[in-house]
Amino acid sequence: ARVPGALVAARPWTVAVCMVMWLGLEWAAVLAYLATLFSTLYKGMPTDLAVVNALHNPLAIAVYFLFYCNYQGDASLRSLRSWGWFALASFVAATVSSFGAFISEFTGTALVGGGTLLEAWLGWVPNAFLLSMLTSAPLIWLFSPTVERIKQRHYRRSLAQPFSQADLLQA
C-alpha cells in the first residue's frame with residue numbers, strides 16, 4: 001500500500017506536460033491516454049472501465065492547453081508570472097486528473113492513495129501537482145530554448161505564442 005500524499009514518479013505525466021507545452025495537445029493527449037490505458041490494464045482494471053478511465057489524463061493535459069490558449073506571455077517559465085500561471089494550470093490539471101482516483105478506487109485498482117476514497121484523492125492531487133512542479137517545470141525551463149530553436153528551424157510555431165485561438169478551434 002502506498003502512503004497517501006507520497007510522491008509517485010510517473011514519467012508519462014512528466015513527458016505529456018512537457019509535450020503539451022512544446023508541441024501541442026494532440027501529441028500530449030495521445031501519450032497520456034495510452035500510458036494511462038496500459039497502466040490500468042496492467043493493474044487489472046477491466047477493459048471497458050480502463051478505456052473510460054484512461055480519459056482523465058488527456059482531459060487534465062487539455063487543461064494546460066486551455067490555460068495557455070489564454071495566456072499572453074512566455075510559456076518557457078522565464079518569469080515569475082509564467083511560473084505562477086504554470087502552477088495554477090498544474091493545480092487545476094491535477095484536480096481534473098483526480099477523477100481517475102475515483103474510478104480506480106471504485107474498481108479496486110487504486111494506483112495512488114490508500115484504502116478510502118478520500119485517501120486516494122488526497123494521494124492523487126498533491127502527487128500530480130508536485131510531479132508537474134518538480135519534474136515537468138524544470139524540464140520546460142531547461143529545454144525550452146532548445147526546443148524553440150528546433151521549432152523555429154523546422155516548424156513555424158513559436159514557443160512565445162505556443163497556442164492560438166485557431167488551435168483551440170481545431171482541437
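This is a predicted model: local features need pLDDT of at least 70, side-chain atom pairs count only at pLDDT 80 or more; totals for chains, interfaces and linings use all residues.
Local features are taken at pLDDT of at least 70 and side-chain atom pairs at pLDDT 80 or more, while totals for chains, interfaces and linings use all residues. Numbering runs from 1 along each chain as its sequence is written, and side-chain values use heavy atoms, leaving out hydrogens and water.

Start with the helices (DSSP runs of H or I, at least four residues, numbered from the N terminus). Helix α1 (residues 11-22) packs on helix α4 (residues 56-69) at about 30°, with the axes 10 Å apart; axes are lines fitted to C-alpha atoms over the stretch in contact, and angles run from 0 to 180 degrees between N-to-C directions. That makes the two helices roughly parallel (angles under 35 degrees). On the α1 side, contact (heavy atoms within 4.5 Å) comes from Trp-13, Ala-16, Val-17, Val-20 and Met-21. Helix α4 brings Asn-57, Ala-60, Ile-61, Tyr-64, Phe-65 and Tyr-68.

Trp-13 and Val-17 turn up again around Ser-136, together with Thr-14, Cys-18, Phe-86 and Leu-131, once neighbours within four places in sequence are set aside. Ser-136 sits in helix α7 (residues 117-154) and is buried, at 0% relative accessible area (the cut-off is under 20%, with a 1.4 Å probe and protein chains only). Its side chain reaches the backbone oxygen of Thr-14 at 3.3 Å.

Asp-74, by contrast, lies in the loop between α4 and α5 (80-97). Asp-74 is partly exposed at 31% (between the 20% limit for buried and the 50% limit for exposed). Its side chain makes a 2.5 Å polar contact with that of Ser-76 (N or O atoms within 3.5 Å, one able to donate a hydrogen and the other to accept it; residues adjacent in sequence count only if both atoms are side-chain atoms).

Conventions: Angles under 35 degrees count as roughly parallel, over 145 as roughly antiparallel, 65 to 115 as roughly perpendicular and the rest as oblique.
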